[in-house]
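This report concerns the sheet and the nonpolar cores of the structure shown below.

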Amino acid sequence: MRNVDVADITVRDKNDQIVLAVMVHRKLNTSEAWAEGYYQVFVELGQLPQVHFFLLATPDRFYLWKYDQKLPEIMKPTYSIDPTAFLKPHYNRFSSSIGKESLILVVDNWLDRLVHLGITSDLSPKEREWLVGSGLFDSIAGGRSVIKLA
């Protein structure tokens, strides 16, 4: 896989293939238009990780792009969701002024639990659908997350 070195977190599947690249940004109150612009910069610079899923994670919104065979030029995220339920067990300890490194650790902790423990019963049908319907959960279940801190 190319360009995964720009990711803050990568997740490997059961076969040790990188299937998810995660970029973490601490900006609050983001919009889909903002996410599209962020994504577009990576496309234009040729730095978009070539993996099955790309997740742009902010404290109050997750934007997920899903690719089938090759990287699309489409800028709009395939899926978007409020991550509060995902991060709640890990994020309540932090304030709204959380630093990027701390947020990376929170997102990695969530991904690690998801990879090893599966989908928890406290998630709503919408949150479950986001994980299962996108194919993300099946792709990363039983794998491992790898964090990259500067």
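F62 stands opposite I81 in β5, and Y63 stands opposite S80 in that strand. The model is predicted, so that local features require pLDDT of at least 70 and side-chain atom pairs count only at pLDDT 80 or more, whereas totals for chains, interfaces and linings use all residues. Residues are numbered from 1 along each chain as its sequence is written, and side-chain values use heavy atoms, without hydrogens or water.

Strand β4, residues 61-66, pairs with β5 in the antiparallel sense over three bridges. Two strands are said to pair if DSSP finds at least two bridges between them; strands (E, at least two residues) and helices (H or I, at least four) are DSSP runs numbered from the N terminus.

| Strand pair | Sense | Bridges |
|---|---|---|
| β4 and β5 | antiparallel | three bridges |
| β3 and β4 | antiparallel | six bridges |

A hairpin is formed by β3 and β4, with two residues between them. The open sheet as a whole has six strands in the order β5-β4-β3-β2-β1-β6, and its pairing is mixed. At its edges lie β5 (79-81) and β6 (144-147), each of which pairs on one side only. From one strand to the next, the twist averages 20°. Helix α4 (residues 125-133) packs on the sheet, where it touches β3 (53-58), β4 and β5, and its direction makes about 150° with that of β5. Axes are lines fitted to C-alpha atoms, for helices over the stretch in contact, and angles run from 0 to 180 degrees between N-to-C directions.

Contact means heavy atoms within 4.5 Å. Not counting residues up to four places away in sequence, F62 touches L55, L56, A57, Y79, S80, I81, P83, F86, L87, V107, W110 and W130.

The largest nonpolar core has 31 residues, of which L20, F62, W110 and W130 touch the most other members. Such a core is a set of buried Ala, Val, Leu, Ile, Met, Phe, Trp, Tyr and Cys residues joined through side-chain atoms within 4.5 Å, buried meaning under 20% relative accessible area with a 1.4 Å probe, protein chains only. Helix α3 gives the largest share of this core, eight residues. Apart from this core lies another, of 17 residues, among them A7, Y38, V51 and F54.

Methods: Buried < 20%, exposed > 50% of the residue type's maximum accessible area, 1.4 Å probe, protein only.
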